[in-house]
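User: I would like to learn how to read side-chain contacts and helix packing from a model. Could we work through a case?

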Amino acid sequence: MTHQKSPELLAPAGSFQACKAAVCAGADAVYAGGSQFGARAYAENFTQDQLLEAIDFVHLHGKKLYLTVNTLLKQKEMQMLPDYLRPYYLQGLDAVIVQDFGVMQLVREHFPDLAIHISTQMSAASACGFSYLQKQGAARVVAARELSLEEIREIRSCTEIEIECFVHGALCYCYSGQCLFSSMLGGRSGNRGRCAQPCRLPYTALDEAHHRLNRQKSECYPLSPKDLCTIEQIPELIEAGITSFKIEGRMKSAAYTAGVTAVYRRYIDQYLETGCADVRKQDLERLLQTGNRSGFTQGYYKQRNGRKMLAMTCPSHEKGQTEEDRFMEEKKIPVQAAACLKVGELAGLTVSCQESSVTVRQELVQAAKNQPMDAAQIMAQLSKTGNTPFVMETVDVQLQEAVFLPKQALNQLRRAALEQLLDDILRRYKRTTPASSLSDQKEMRPGCVQMQKHEMRPECVQMQKHQMQPGFFTALIEAEIQLGAVLEQDFIGRIYLDSSMYNHGSFTTQLKEHVRYIHDVGKQAYLALPAVFRAKTVQFYQEHWKSICESGIDGYLVRTQDELGFLDQMRCTQDCCVMDHGLYTYSNHTKICYAKAGWRYDTVPLELNKKELRERHHADSELIIYGHMPLMTSAQCIQKTFGRCGKEARSGICYLKDRYAKEFPVRNVCSECYNMIYNPQPLSLIQLAEEIRQLQPASYRLWFTIEQEETVRLVLKNTKQAFLDHQKPDLPAVTAAYTNGHYKRGAL
């Protein structure tokens with residue numbers, strides 16, 4: 001089995017101590033956060049000086065350090081980023097981990113030789129997405145945690161990009177990057193590294209009739225996954241072609257990092273050397289002792305979802321005493337030394353390690369008058385490496401005649417040689433290429449973005465005429481019963497038909513019928529693609545693409561990077577597509593970057609406040625002004641968790657009731673096998689019509705999810721009154737409670 005390529009073992013470094021522990025325990029690389037822009041804002045993280053020192057430390061040991069810049073950046077933050085990154089870039093930083101598409105392109109422009117790793121926060125879940133991100137300049141993609149081994153193998157066979165996968169640590173209930181639960185409920189955004197983890201709180205599951213689904217009252221943690229542990233799956237993970245095995249835990253202790261890293265190092269090496277990786281019981285126990293949440297799960301590699309993956313009862317954070325002190329002390333780097341002392345010549349010392357070798361000559365060697373120095377004395381003096389990162393592994397001393405050299409001179413010789421050796425090792429990693437400044441870019445003004453020209457398939461050409469005009473209204477529907485009410489309203493110019501409305505067996509037939517209804521009343525019909533676009537979904541759309549285009553559909557609402565990749569392969573871009581809010585465009589810079597890539601139209605992110613919205617340019621942007629916003633998209637299924645999975649195309653609505661008796665609607669999207677958890681209070685900016693108009697978005701969207709037909713009609717009526725008739729809307733007639741979202745309060 002020695003022919004197998006060893007995967008990188010990537011460990012978390014929430015502190016400098018954890019960084020040292022990871023390297024000493026056998027990590028090939030560490031990932032760490034600096035003082036800004038990391039997805040663990042509440043970790044200890046590194047100061048600038050500490051991070052610069054850590055970069056040198058890992059390089060001295062022949063390892064790598066990746067910096068997390070994996071949050072969404074607002075406009076002012078984007079302007080700060082080059083200056084923030086520059087010291088680390090010059091020091092030899094190995095890669096940055098990013099979520100924001102604009103950050104990705106900024107790094108490409110300012111630091112072109114710095115590797116870019118795509119965070120799992122981008123939710124890349126298919127070969128389409130991986131290939132597209134590679135085309136955009138990524139060297140590596142951190143896969144969505146929900147992927148199976150079969151899907152990873154397929155991605156490996158279709159792409160050359162590096163694949164990084166989580167192998168140990170905490171799991172999110174939601175597809176990473178598609179969660180607004182924390183920000184909508186508490187103002188702390190997971191996209192900004194400040195998740196409050198509402199998924200770890202107790203909930204009661206209710207069916208559509210509001211009857212309790214929980215078998216026992218103690219089973220009240222249905223959104224809390226157990227921790228991931230794949231130590232017994234190492235052979236299959238290696239064979240799947242994963243480039244990097246990632247351990248989660250930047251919020252955890254150095255002892256945790258050391259303990260977990262050491263165990264995975266042992267069994268990776270064992271399998272590569274012997275073809276066998278039978279895990280000892282004591283090592284499983286050792287992993288449990290480092291910390292776990294009600295035991296472990298092997299994650300999604302072999303199962304789609306399931307009750308056994310969840311804590312269900314009150315999660316116990318079991319943590320025993322670990323014996324990882326041996327990794328807390330810095331591992332010294334072995335050096336080979338050779339000294340040559342000859343009377344009348346300068347004393348010479350050569351020190352070598354790794355690929356570096358330096359020779360220092362200083363201090364004239366004298367003839368011994370009384371007691372000549374022997375080799376043992378000189379070896380003892382040269383072996384004292386003190387607080388340096390080195391340890392003398394071998395010291396060879398060549399003496400000619402009876403020589404004498406003061407001990408102080410030997411010490412100076414040794415210090416000078418080791419200092420030069422240190423500089424020589426680190427010099428190979430450091431950069432001198434100057435970086436440019438973001439201020440050199442021209443800031444985008446409405447209407448000034450120049451599109452790249454793309455060849456388009458004939459079926460997409462007719463879509464180019466459907467450009468949005470200011471004041472344009474659209475409606476997104478997720479149920480057929482909502483269509484009639486939307487068709488009645490003249491001011492709605494476009495209707496998005498959510499793909500979850502359709503069974504796979506009759507998809508194109510139903511779609512064609514709905515498109516005809518919409519065209520008959522002079523409106524545009526767009527297909528809203530799934531919230532998750534994994535391999536089987538890609539296959540379905542590839543097989544039915546011609547029929548979908550022939551249905552007369554005018555365009556697409558795009559939710560994921562995977563869908564951007566799919567549509568790019570289909571040469572269906574620009575004016576026939578609108579990016580949804582989950583393809584985040586917090587900053588004007590990110591809007592420009594997507595536009596340059598061929599994606600002109602976007603949806604205003606949901607986490608920006610009034611002030612931030614006013615600083616953002618909304619030309620070609622759609623603003624959501626009403627809807628029960630999706631808080632989570634999950635591969636898990638509430639109904640299946642409680643034994644109610646019917647595997648139907650659409651199994652209706654169930655609910656999660658929190659400790660304050662608030663009930664969150666949950667929709668099963670069985671055709672794609674994921675759940676959508678909605679905010680029980682609909683977002684409404686209708687009552688703020690006068691303010692909202694001043695933002696001048698290209699269009700306004702009404703998003704209908706769980707509403708019955710009568711509610712849809714009332715919302716449409718209120719919207720027309722507020723935006724077109726300049727009258728005060730009667731929102732209490734629509735809903736007893738609503739939220740302004742982040743419009744007034746913003747999100748941390």
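User: With which side chain does the side chain of Asn668 make a polar contact?

Analyst: This is a predicted model. The partner is the side chain of Asn675, at 2.8 Å. Asn668 itself belongs to strand β31, residues 663-669.

User: Is Asn668 buried or exposed?

Analyst: Buried means under 20% relative accessible area. Asn668 has 2%, so Asn668 counts as buried.

User: Which residues make the contact?

Analyst: In an α-helix there are 3.6 residues a turn, so residues three or four places apart point the same way. From α3 come Met78, Leu81, Pro82 and Leu85. From α4 come Gly102, Val103, Leu106, Val107 and His110. By class, the contact has seven nonpolar residues, two polar and no charged.

User: How many residues of α4 are buried?

Analyst: Eight of the ten, which leaves α4 mostly covered. Among them are Phe101, Met104 and Gln105, along with Gly102 and His110.

User: What does the side chain of Asp100 reach at the start of α4?

Analyst: One of its side-chain oxygens comes to within 2.7 Å of the backbone nitrogen of Gly102. Gly102 is also one of the α4 residues in the contact with α3.

Definitions and conventions
Residues are numbered from 1 along each chain as its sequence is written. This is a predicted model: local features need pLDDT of at least 70, side-chain atom pairs count only at pLDDT 80 or more; totals for chains, interfaces and linings use all residues. Side-chain values use heavy atoms; hydrogens and water are left out. Helices (H or I, at least four residues) and strands (E, at least two) are DSSP runs, numbered from the N terminus. Buried means under 20% relative accessible area, exposed over 50%, partly exposed in between (1.4 Å probe, protein chains only). A polar contact is a pair of N or O atoms within 3.5 Å; within protein, one must be able to donate a hydrogen and the other to accept it, and residues adjacent in sequence count only if both atoms are side-chain atoms. Contact means heavy atoms within 4.5 Å. Ala, Val, Leu, Ile, Met, Phe, Trp, Tyr, Cys and Pro count as nonpolar, Asp, Glu, Lys and Arg as charged, and the others, Gly among them, as polar.
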